[in-house]
Amino acid sequence: MPLLEVKNIKKNFGKTEVLKGISFSLSEGEVISIIGSSGSGKTTLLRCLNFLETPDKGTISVNDEVLFDGENIKNLKENKIRENRLHFGLVFQSFNLFPQYNVLDNVTLAPKLLKKGTNEEIENNARALIEKVGLLEKIDSYPCQLSGGQQQRVAIARALAMNPDILCFDEPTSALDPELTGEVLRVIKGLKESGSTMIVVTHEMEFAKNVSDKIIFMADGVIEEMGTPEQIFENPQSEKTRHFLQNSLEKL
Amino acid sequence: MFWEVVINLFENFLVTLELFALTLLFALPLGLIISFGSMSRFKPLSFLVKVFVWVIRGTPLMLQLILFYFGPGLLVTVAEQANYNNFFIDFMRDLNMADPLVTAVIAFSINYACYFSEIFRGGIQGVPKGQQEAGEVLGLTKTQIFFKVTLLQMIKRIVPPMSNEIITLVKDTSLARTITVYEIIWSAQDYIRNDGLLWPLFFTGVYFLAFSGILTLLFNYIEKKLSYFKV
Ligand SMILES: Nc1ncnc2c1ncn2[C@@H]1O[C@H](COP(=O)(O)OP(=O)(O)OP(=O)(O)O)[C@@H](O)[C@H]1O
Ligand SMILES: [Mg+2]
C-alpha cells in the first residue's frame, strides 16, 4: 500500500494550465526525484502537496486517508488544511529560516507552538536533529551568521522537527555556491539511509541517479516519463526526456 | 534675565512637546489603519486611500494647518447663511471655537498618519512571502505566524524610517505657530518685539537639539537591540 497517492492533480493560474493531471504514488521509505526544465510545474506540484496552493482537480491521499479532493474544495476548512500540512514537510530553495531566532529556536518554534511534547522533549529532539545535520556547534548562531549550506541544513532540521510523513525539497541546492551543495546533498542522502520518505525536485542529475528509487521527468505540466534511475538515465523512452538529459549533460 | 528667558522658553517648549506627543498618540494608530486601507484587496477603498495619502503628502503641512484653522469658520458661516445645520456643522463650530492647539493636533495627526502609513506599508509588505509560507508548511496558525514570525521583522524594518519621521516631527511642530499656537518659537519672537532681544529666538534651537538628541539616542538604542538579526 503506497504511503502517498496523488491522482490527476490539475492546477491553473488564470488561463495558464500549469499542472495538467499529475498522478504518482510513493511508498514508505522511498525517494522520488523530480526533474524537468524550468517552468514545467515542479515547484507548483510541491506547493500543492504542501497546501500552499489549492489544486483545481484531483486527489491527494496519505495512508489511504483522502486529504484533498478537488470535488469538494469548498469544505476545506483552514484547520483541516493545517492538519493536512502536518503530513508533509517542505524545504525551500531559499531556506526561509526565521532570521530573529537562533538555530535551536528555529527548529523548536513550531513544535513548541503546536505543543508536540514537553519543552524538554522538544529541545532534546531538536538537538538530535541539529546533530544529524552536523551543526551542533552552531546551535546558538543566528541565520545571518551561517553560510547558505548551513542555513539549508538548519531548514532541513526544522522541517524534520515536525516529524512529517513525507519531506519535500524544492531545489535545495540551487541557491548555493557549488562548493556548498555537497554538504546539503549528503544530509539528504543520510536521511534516505535512515528511512525518510522524500520527494526531491533537483537539477543535480548525479544526485538524482544515486539517491532516488524513482525518477519523474516533468515537461509542460505533465509527467512525461517515470521510472527507475536506470530506466530514465540509461534508456529514456521519450524524445523530450532524451533532449532534456542531453542538455543537462552539456551544461556540465 | 538670562535664566528668566530660559525658563519662560522652557514653559512654552512644553506646548511644543504636548503637540508632539499628542500627534504621535493619534497618528501612529491612524497611520496603521490607513496602511491597512491602502493594502486592502477591495480596490475602490485602496484607491481612495492612496489618493488621500497622495494629497496629504503632496501639499505643504503649512497649507493644511491653515485649511484646518480657517476652514471650519468658513463652513459655519456659509451654513448659517443657508440656514443649514447638522452634526457636522456643529462639530465645525466647536472646532472653530477650540484652542488652536486642538486644530494643530488634528492637522498634524492626519498629516503624519499619512507618512506613517507608508512606513507601515513598507514594513509589512517588505517581509518576504517565504517567511509566511515557512510558517504555514510547519502547520502554524495565521495568528502564530503574525506574532511569532513576521511582527518583529516588520518592527525592525519600520524603526529606522520611523525614527527619521519622528525627528522631523519635532521640528515641524514650530509650524503650529502660523495658526497662533503659542509655542516656543512664538514666545521667543515676543522677545524681539517687546524687549528687542534676538538671542532667545536662536536659543530655542538648543531645546530642539536637546530633544531630538534624546530621541536619536533612544532610536539608536532600539535599533541596536534589534541588530542581532538581519532581515
Ligand atoms: N502564483 C503564480 N501565478 C501565476 N503563474 C504562476 C504562479 N506560480 C507559477 N506560475 C507559472 O507556472 C509555471 C510553472 O511554474 P513552476 O514554478 O511550478 O515551475 P518549475 O518547474 O518549478 O520551474 P523552475 O525549474 O524554474 O523552478 C510557470 O510558467 C510559472 O510562470
Ligand atoms: Mg521551481
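This is a predicted model: local features need pLDDT of at least 70, side-chain atom pairs count only at pLDDT 80 or more; totals for chains, interfaces and linings use all residues.
**Entry 1: helix α3 of chain A**

Residues are numbered from 1 along each chain as its sequence is written, and chains are lettered from A and ligands numbered from 1 in the order in which they are written.

For my own reference, helices (H or I, at least four residues) and strands (E, at least two) are DSSP runs numbered from the N terminus. Buried means under 20% relative accessible area, exposed means over 50%, and partly exposed lies in between, with a 1.4 Å probe and protein chains only.

I then asked why α3(A) is described as largely enclosed by the rest of the structure. Eight of its eleven residues are buried, so the helix is largely enclosed; the buried set is V103(A), L104(A), N106(A), V107(A), T108(A), L109(A), A110(A) and P111(A). The cover over these residues includes α4 and α5 of chain A together with α7 (142-172) of chain B, where I take contact as heavy atoms within 4.5 Å. At the start of the helix, a side-chain oxygen of N102(A) comes to within 3.2 Å of the backbone nitrogen of L104(A). I count a polar contact as a pair of N or O atoms within 3.5 Å; within protein, one must be able to donate a hydrogen and the other to accept it, and residues adjacent in sequence count only if both atoms are side-chain atoms.

**Entry 2: helix α4 of chain A**

Helix α4(A), residues 119-132, has 14 residues and spans 20 Å from its first C-alpha to its last, close to the 20 Å expected at 1.5 Å a residue; the expected span is 1.5 Å times one less than the number of residues. I noted I122(A), A126(A), L129(A) and I130(A) as its buried residues. They cover an arc of only 100° around the axis, which puts them on the same side of α4(A), the arc being that of the directions from the helix axis to the C-beta atoms. An α-helix has 3.6 residues a turn, so residues three or four places apart point the same way. The buried residues pack against α3 (103-113) and α5 of chain A, whereas the face turned away from them carries the exposed residues E120(A) and E131(A). After the helix comes G134(A), with a positive phi near 75°.

**Entry 3: Q151(A) in helix α5**

I looked next at Q151(A), which sits in helix α5 (residues 148-161) of chain A and is buried at a relative accessible area of 17%. A polar atom of its side chain lies 3.4 Å from the backbone oxygen of P143(A), and the side chain also reaches the backbone oxygen of L146(A) at 3.4 Å. With neighbours within four places in sequence left aside, Q151(A) is in contact with F95(A), L97(A), P143(A) and L146(A).

**Entry 4: strand β3 of chain A**

Strand β3(A), residues 31-36, has six of its six residues buried, so it is largely enclosed by the rest of the structure. In a regular strand the side chains alternate between the two faces of the sheet. Here V31(A), S33(A) and I35(A) lie on one side and I32(A), I34(A) and G36(A) on the other, and all are buried. Strands pair if DSSP finds at least two bridges between them. β3(A) pairs in the parallel sense with β8 (residues 197-201) over four bridges, with I32(A) partnered by I199(A), and likewise in the parallel sense with β9 (residues 214-219) over five bridges, where I35(A) stands opposite F217(A).

**Entry 5: cysteines**

How many disulfides are there over all chains? A disulfide is a covalent bond between the sulfur atoms of two cysteines; I count one where the sulfur atoms are within 2.5 Å, and by this rule the count is zero. The sulfur of C168(A) is 11 Å from the closest cysteine sulfur, that of C48(A), which is too far for a bond. C168(A) is buried at 0% relative accessible area, while C144(A) is partly exposed at 35%.

Methods: Side-chain values use heavy atoms; hydrogens and water are left out.
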